[in-house]
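Here are some notes to read alongside the sequence and the structure. Please keep both in view as you work through the points.

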Amino acid sequence: MKKTIHILSILSLPLALLAQTGSPSSRFGYGEMDDGVPGEYRAMGGVVAGVRSNHAINPSQPAAYTAGDSLSFMFDVAASVGWTNYSDANGQKNIPNGSLEYVTMQFPLWKRWIALSAGIMPYSHVNYSFALTGVAEGGDYAYDVAYSGKGGLSQVYAGLGFNLFDWFAAGANFYYVFGRVENYTSVSFKASDATNSELLRYMDMRACRTKVGAQLFHTFAKAHTIVLGATFDPKLKMGGEYLITETYSSDTAVVHTGSEMPMMWSVGGSYCWKNRFTVAADYSFQNWSNAKYFGQDGYLQDRQKIAVGMQYMHNPYGMKYEERMLWRIGASMMNNYAMGDDWQDFTVSLGFGFPLRTSATMVNTTVEYGHKQSLTGLKEHNLKLTINVAVNEQWFHKRKL
């Protein structure tokens, strides 16, 4: 009962906490996308499609739910703190940030053959504030332009994983996506005879989406395990409205629906030696160029991501604590999905897993360094620390009297 009350109290935290990290690139589209990667795999570059673990809940690959212990209840909560530096030819700015990353849980429904997972996590996040200065044509009017935005989309999911054979698993997730995004722009002229203007763009979105996944896995000679996996998200319509208000002309325009969530897919694989050394790689593709953005075509572009990572444990059955610690390293590269947004994102990560002495619960820490740069000369450096607690307790064990 105490565990149940503790879980419910965490699940009742305000949803606004799920999207507080910021970047100027979150100004475009629905904001910066979140890939739903658990803490363990963030330290491995964000690999998800071709990995299986009884220590991690992997909501990005529903086929991996059956990798969990058939007697255990798993619960995972993560939070992060970070620091971002923006710089261009005119100077630089430092901004701290932080967020509650996700809350997920998983448990078996029927032995090792069927497992269920559910939780809440961000789908996108928007949080930025910056200003520019300039001179209007002719050189007579100097002005300041301020940009700011906040909000994001969250998603609640529930999914099932099935072990159809000893070497094949499949699964499916069902999501409800919802949230609000605000983008604000103001233009202020220094001359008294010029008219200032403000522009507010407000999006209120909702959608249902699905994801299916499959994994092939086999262990050779009790030492070598290979996993191959893939996921697929079909293209779906979104509901909501897009409100644009301009104070200069006193105009308000409302655009309803006309938006779509893109078709997405990913493939990946991993190799594990004696549960000690694991190497994995992923490739994912999001077909945003064929997804409408409030009735507009050509506003978004396809998003691609490549991720690689490694994990090492000296001895899973070692008597010394450091022998059972997990060491992780990874890297990823991706592009943004908004047309005209030429940001390229490169991230490297390092992480550690600290097992508890009395249970299978794991405390994971991940440090990520990210670098973004646009053709306009704006650079962004990110340093982020994520801590997640992956509770793994045998709630379904039948005790003998």
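1. Two strands are said to pair when DSSP finds at least two bridges between them. With that in mind, and remembering that this is a predicted model, please look at strand β18, where Asn388 is the bridge partner of Asn364.

2. Strand β17, which covers residues 362–373, runs antiparallel to β18 and is joined to β18 by twelve bridges. Strand β18 itself spans residues 379–393, and β18 also pairs in the antiparallel sense with strand β2, residues 73–88, over 15 bridges. Within β18, Ile387 is the residue that stands opposite Ala79.

3. Is Gln155 buried or exposed? This residue belongs to strand β5, residues 142–165, and Gln155 counts as buried because its relative accessible area is 3%, which is under the 20% cut-off.

4. Consider next what surrounds Gln155, whose side chain makes a polar contact of 2.7 Å with the side chain of Arg209. If neighbours within four places in sequence are left aside, the residues in contact with Gln155 include Gly119, Met121, Pro122, Tyr175 and Val177, as well as Arg209.

5. Finally, please examine the largest pocket, which holds about 1,200 Å³ of space. The pocket is lined by 45 residues, of which Arg52, Ser53, Asn54, His55 and Asn275 are the closest to its centre. Among the elements that give two or more residues to this lining are α2 (39–42), β7 (197–220) and β12 (264–273), and β12 provides the largest share, with four residues. By type, the lining divides into 19 nonpolar, 16 polar and ten charged residues.

How values were computed
Residues are numbered from 1 along each chain as its sequence is written. This is a predicted model: local features need pLDDT of at least 70, side-chain atom pairs count only at pLDDT 80 or more; totals for chains, interfaces and linings use all residues. Side-chain values use heavy atoms; hydrogens and water are left out. Buried means under 20% relative accessible area, exposed over 50%, partly exposed in between (1.4 Å probe, protein chains only). A polar contact is a pair of N or O atoms within 3.5 Å; within protein, one must be able to donate a hydrogen and the other to accept it, and residues adjacent in sequence count only if both atoms are side-chain atoms. Contact means heavy atoms within 4.5 Å. On a 1 Å grid over the protein atoms alone, a cavity is a set of points where a 1.4 Å probe fits but cannot get out, and a pocket is an open set with protein on both sides within 12 Å along at least five of seven lines; lining residues have an atom within 4 Å of a point. Grid points are joined across faces, edges and corners, and a volume is the space filled by probe spheres set on the points. Ala, Val, Leu, Ile, Met, Phe, Trp, Tyr, Cys and Pro count as nonpolar, Asp, Glu, Lys and Arg as charged, and the others, Gly among them, as polar.
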